[in-house]
Amino acid sequence: MERKHTISVLVENEFGVLARVAGLFSSKGYNIDSLSVSETIDPTLSRMTIVTHGSDQIVEQIIKQLNKLVNVITVEDLTRERHITCELCLVKVRIEHKADVLKAAEKLRARILENNSHAIVLEITGDEDDLHKAFEALKPFGIMEVVRTGMIAIQRGEHVLVEGKGK
Amino acid sequence: MNQMMLAEAPAKMTGAQIFLRTIHDLGVDTIFGYPGGVLLYVYDEIFKQDKIKHILVRHEQGATHMADGYARVTGRPGVVLATSGPGATNTVTGLATAMMDSVPMVCFTGQVPVQLIGNDAFQEADIVGITRPCTKHNYLVKDANDLERIIHQAFYIASSGRPGPVLVDIPKDVTLATAEYKGIKQVTMRGYKPQVVPAAGPMEEAVELIYQSKRPVLYMGGGIVASNASDLVRQFAEKLRLPVGITLMGLGGFPGAHDLSMGMIGMHGGYWANMAMNNADLLIALGPRFDDRVTGDLKKFAVKAKKIHLDIDASSIGKNVAVDVALVGDAKQVLEKLLKIVDKDPERARAFRESITSWHDQIKRWRDEHPIYYPQDMNGVLRPQYVIQSIYDITGGDCIVTTDVGQHQMWTAQIFPFNKPRRWCTSGGLGTMGYGLPAALGAQVAHPDETVFCISGDGSIQMNIQELATAVQFKLPVKTAILNNFYLGMVRQWQEYFYGHRYSNSDLEAGMPDFVKLAEAYGAVGFLCNKPKDVEPILRESLKVKKPVLIDFQVAKEENVLPMVPAGKALDDMLLA
């Protein structure tokens with residue numbers, strides 16, 4: 001049975017690492033639903049959050065293959081743990097129904113980043129469900145453009161992604 | 001002796017000097033290479049020293065296969081040096097070959113100066129990008145200060161865990177820049193720590209599964225050879241009297257002439273061996289990877305068997321076939337511990353050996369029903385199998401054998417009993433035609449006093465024939481036996497069986513060179529042999545000649561490799577002779 005998995009990966013912060021990870025997914029035919037990557041507090045490390053889907057066997061292979069990459073330090077399938085996911089998106093909306101848009105924005109707890117005679121730009125954060133609901137609420141007013149960061153995720157409780165686990 | 005090689009660390013050196021000094025520190029005695037514009041500082045340093053031998057190849061693909069042959073027979077990483085652009089892209093096939101067969105190799109490529117990278121400079125290629133999927137890891141060295149550390153890391157990665165090729169791309173300006181040579185002794189990497197020591201629990205469980213089995217088969221792969229665990233596998237098989245089925249890559253890892261050996265398994269494995277695999281109630285898989293050429297139709301593969309799988313690469317386990325017990329670790333360490341568990345209770349082992357007698361009887365019946373068969377009565381027709389048998393008989397098996405890819409490769413695997421590890425080089429995973437001759441040269445460089453045979457085909461040999469020049473230049477007396485049927489024999493065989501005898505583009509007769517003249521043109525020795533009675537005298541003569549020899553064995557044109565499991569069929573669904 002195919003399931004969605006959120007995988008966190010600590011990698012060495014070097015050029016080419018993203019290409020190795022992306023190349024692994026494309027060469028083995030694995031799916032990437034979203035991928036986000038950025039430096040951590042330790043500047044020698046980057047953290048990736050990869051959302052993928054596949055059968056248990058495929059996801060097990062994905063994790064093992066990621067672990068084989070020399071620049072990959074830790075891999076964890078957060079789907080197995082209690083975790084929080086979050087994504088940020090920017091939505092540009094038409095101004096024709098400005099009052100309604102601003103009302104909706106308040107309801108959605110969106111930040112208003114731009115509000116002028118050309119467009120309204122909203123910043124919305126939340127999990128996949130929250131974003132979906134936001135798009136549905138804004139669609140009637142005319143969404144001009146959407147840009148999303150991709151999902152990021154963190155474990156609940158005291159657990160943190162540390163160097164060495166799973167290698 | 002050049003000063004650079006004697007200098008005590010720390011010392012200021014150019015990148016080119018650090019390169020040579022560091023590989024010398026790592027025990028490298030031979031480079032297989034070919035010069036080019038961006039490598040001239042490196043070649044200038046090679047010129048000035050005599051510690052490291054440089055074998056000048058005639059094509060960079062040849063260099064990679066030579067390094068591969070060198071690595072397979074010694075267990076040490078083979079070293080390649082190729083220039084930027086086309087020199088680098090020519091290494092790709094050899095890297096992919098080494099990757100598929102887990103062969104340790106370090107390939108150094110020259111690159112255009114750092115400032116020119118990305119500018120489509122003359123002889124520029126993004127070789128790090130190109131080789132990412134066919135290397136275990138690769139590097140672009142942008143600063144001479146990183147060079148020494150990266151070279152140490154490259155060798156460590158290539159030769160540890162599941163071995164494989166590593167590429168190091170060095171821009172020209174980095175070879176000229178000065179940096180401090182530090183005399184690094186060892187390296188650690190945050191993201192690379194191969195698991196060699198196995199967990200204890202699964203090993204107890206594995207031995208228990210063996211004792212519960214009634215029809216066990218030890219399914220042995222190339223991991224045993226890579227881990228130098230042959231002696232331990234032999235002890236293990238003998239103590240439990242396990243019949244052993246061997247993959248193409250595992251040949252020699254268990255003695256082929258041993259009573260317990262069932263020879264090769266898989267698409268062209270023996271009938272008895274494949275029947276044993278598919279009727280087993282337990283497969284003890286030691287270092288294979290459940291390749292499709294072994295399993296046939298996965299849905300019908302060894303369905304009655306529980307499976308124990310030992311591999312140092314966790315991703316090999318459960319990749320194609322679900323297993324009951326996973327043993328992740330170095331084969332040598334795992335087998336040492338398994339043997340200890342078995343030795344704790346010799347009485348139980350003895351009882352087990354006796355309990356599987358009827359299973360051995362069954363395997364013997366299968367073997368008697370359909371042995372590997374080729375007609376002995378030849379009526380003057382030279383059969384390819386006879387040539388291979390004769391090479392074994394005349395050398396007493398005491399030689400290193402390389403092959404190319406196709407029918408000759410499968411016949412060699414079926415007929416030649418490899419009794420020792422690291423005496424057999426063949427491209428198993430990638431199936432690279434043109435591998436055999438350069439691999440034989442690499443093996444001969446590593447073992448100058450051994451007899452090295454390259455068993456090839458008329459198609460394959462023409463793919464890297466230019467390396468005869470390397471053989472002659474470096475006085476490498478490799479014996480190449482071409483089993484010449486004037487066809488791409490394996491392609492023709494498939495076309496005969498599965499494509500209505502339509503021999504589309506598999507006939508090589510038009511344009512077939514005169515191999516004797518070709519050998520002579522290079523300064524090697526050529527023989528033509530087309531009669532069974534001439535095989536032995538010609539082979540004996542070729543062994544006396546201290547030069548490279550090319551023998552054109554013109555054999556029966558439409559001989560087939562049997563048994564054969566057609567692609568996608570179940571392992572016990574074989575075409576038989």
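**Loops, strands and contacts**

A: Let me start with a loop: Pro10(B) lies between α1 (3–6) and β1 (11–14) of chain B, and the whole model is a predicted one, which should be kept in mind throughout.

Q: What is the peptide bond from Ala9(B) to Pro10(B) like, cis or trans?

A: The bond leading from Ala9(B) into Pro10(B) is cis, and its omega is near -5 degrees. Another cis bond runs from Leu562(B) to Pro563(B), with omega near 0 degrees, and Pro563(B) sits in the segment after β20 (549–554) of chain B. As a general point, most peptide bonds are trans, and most residues other than glycine have a negative phi.

Q: Is Ser102(B) buried or exposed?

A: Ser102(B) counts as buried, because 25 C-beta neighbours lie inside 10 Å.

Q: And Arg241(B), what is its phi and where does it sit?

A: Arg241(B) also has a positive phi, near 50 degrees, without being a glycine, and its place is in the loop between α12 (230–240) and β10 (244–246) of chain B. Arg241(B) is partly exposed, because 19 other C-beta atoms are within 10 Å, and the cut-off for a buried residue is 20 or more.

Q: Changing topic, how confident is the predictor?

A: For chain B the mean pLDDT is 96, with 100% of its residues reaching 70 or more, and for the complex the predictor gives an ipTM of 0.92 and a pTM of 0.96.

Q: What does chain B look like overall?

A: Chain B has 24 helices and 20 strands, and its C-alpha atoms fill a box of roughly 70 × 60 × 40 Å along the principal axes. Its radius of gyration is 25 Å, which agrees with the value near 25 Å that a compact globule of 577 residues would have. Buried residues make up 55% of the 577 residues in chain B. Among its contacts between residues at least 6 apart in sequence, 77% join residues at least 24 apart.

Q: Which strands does β4(B) pair with?

A: Strand β2 (residues 30–33) of chain B pairs with β4(B) in the parallel sense over 2 bridges, and there Gly33(B) stands opposite Leu81(B). β4(B) is also joined to β5(B) by 5 bridges, again running parallel, with Val106(B) in β5(B) as the bridge partner of Val79(B).

Q: What is Ile415(B) in contact with, beyond its close sequence neighbours?

A: Leaving aside neighbours within four places in sequence, Ile415(B) is in contact with Ile372(B), Gln385(B), Ile388(B) and Gln389(B). Ile415(B) belongs to helix α19 (residues 407–415) of chain B and is buried, with 20 other C-beta atoms within 10 Å.

Q: Now chain A, what is the strand order in its sheet?

A: Chain A has an open sheet of 4 strands in the order β2-β3-β1-β4, with antiparallel pairing. β2 (34–39) and β4 (72–77) of chain A stand at the edges with a single partner strand each, so one side of each has no neighbour in the sheet. The twist from one strand to the next averages 15 degrees.

Q: What packs on that sheet?

A: Helix α2 (residues 56–68) of chain A packs on the sheet and touches β1 (3–12), β3 and β4 of chain A, its direction making about 160 degrees with that of β4(A).

Q: Last one: how many residues of each chain are in contact with the other?

A: In chain B 14 residues are in contact with 18 residues of chain A, and the residues on the side of chain B that touches chain A divide into 6 nonpolar, 4 polar and 4 charged.

Notes:
Residues numbered from 1 in each chain as written. Chains lettered and ligands numbered in written order. Predicted model: local features only at pLDDT ≥ 70, side-chain atom pairs only at ≥ 80, totals over all residues. Pairing = 2+ DSSP bridges. Axes fitted to C-alpha atoms, helices over the stretch in contact; angles between N-to-C directions. Contact = placed C-beta atoms within 7 Å. Nonpolar A, V, L, I, M, F, W, Y, C, P; charged D, E, K, R; others polar. Rg over C-alpha atoms; globule rule 2.2 N^0.38 Å. Buried ≥ 20, exposed ≤ 12 C-beta atoms within 10 Å, placed from the backbone. pLDDT = per-residue confidence, 0-100.
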